[in-house]
Amino acid sequence: MRLLFLGDVVGRSGRHVVCERLPRLRERWRLDCVVVNGENAAGGFGISETICDELIQAGADAVTLGNHSFDQREALVFIARQPRLVRPANYPPGTPGRGATVIETQAGARVLVVNVMGRVFLDAMDDPFAAVERELTACPLGAAADAVVVDVHAEATSEKQAFGHYLDGRASLVVGTHTHTPTADHRILPGGTAYMSDAGMCGDYDSVIGMQKDEPIRRMIQKTPGSRWEVAVGEGTLCGIAVETDARGLATRVAALRLGPNLEESAPHFWD
């Protein structure tokens, strides 16, 4: 299969570049499944139902979340009726929504999408390793699933790397989100799992992690409260990771995706 994962969509710039480019990329590369992290899609903080539908209509098969999952309070309600929207599986019991979903591709293949949130430098959550273990036990690669994509929404690179090695051979792709900065370590681990510490963001890179620069810089210098952070509104860059799998659901090819200004462009040329 051909899998594409896009990093955190940040504000209007991120939504615009995804909606503009993804439909053509999906057709051009004959993608089987696309997963998009949308937790910053609504003004940089959370996601609305309208925006979730917009991302799905643009070509996302599933939309994952993270620590801003419920910043838009409407998500507490609509997440229950949107099976393609996935919040971290290690939220406490009783949290609305689901931590995993199974996507059926047009060819009839089954892709398990799991979202977990790290615990290093983030809010205390239930054990993410136990959470992902439950999901993979219920829907293992090669048995109930033809591919498995795990979005590890975490701050610490070490925690993300630990997840990659922990799931090596049991997932098609383990990819980090949250830091909004693409890493250069995309690779295939010894057991056949594609890995990248952070997919980066889909948004305006002439910014501080997708936000207008002045207020973050002022706070770091003065260390005093100020105005609310506002999302950057310049031209967006599309960032993510492309993976091709074999009949076992393990990765055979992997490439970084970066299309837009401010970053050096990169694309999966093996699909062209």
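Reader: Which residue follows α2, and what is its phi?

Author: In this predicted model, helix α2 covers residues 49-58. The residue that follows α2 is Gly59, and its phi is positive, near 130 degrees.

Reader: Where around the axis of α2 do its buried residues lie?

Author: The buried residues of this helix are Ile51, Cys52, Leu55 and Ala58. An α-helix has 3.6 residues a turn, so residues three or four places apart point the same way.

Reader: How are α1 and α2 oriented to each other?

Author: The axes of the two helices come within 8 Å and cross at roughly 25 degrees. Angles under 35 degrees count as roughly parallel, and therefore α1 and α2 are roughly parallel to each other.

Reader: Which classes of residue make up the contact of α1 with α2?

Author: From α1 the contact takes in Arg15, Val18, Cys19, Leu22 and Pro23, while α2 brings Ile51, Glu54, Leu55 and Ala58. By class, the contact has seven nonpolar, no polar and two charged residues.

Reader: Which residue of β5 stands opposite Val63?

Author: β5 is one of the edge strands of an open sheet of six strands. Two bridges join β4 to β5, and these strands run parallel. Opposite Val63, the residue in β5 is Leu85.

Definitions and conventions
Residues are numbered from 1 along each chain as its sequence is written. This is a predicted model: local features need pLDDT of at least 70, side-chain atom pairs count only at pLDDT 80 or more; totals for chains, interfaces and linings use all residues. Side-chain values use heavy atoms; hydrogens and water are left out. Buried means under 20% relative accessible area, exposed over 50%, partly exposed in between (1.4 Å probe, protein chains only). Helices (H or I, at least four residues) and strands (E, at least two) are DSSP runs, numbered from the N terminus. Axes are lines fitted to C-alpha atoms, for helices over the stretch in contact, and angles run from 0 to 180 degrees between N-to-C directions. Angles under 35 degrees count as roughly parallel, over 145 as roughly antiparallel, 65 to 115 as roughly perpendicular and the rest as oblique. Contact means heavy atoms within 4.5 Å. Ala, Val, Leu, Ile, Met, Phe, Trp, Tyr, Cys and Pro count as nonpolar, Asp, Glu, Lys and Arg as charged, and the others, Gly among them, as polar. Two strands pair if DSSP finds at least two bridges between them.
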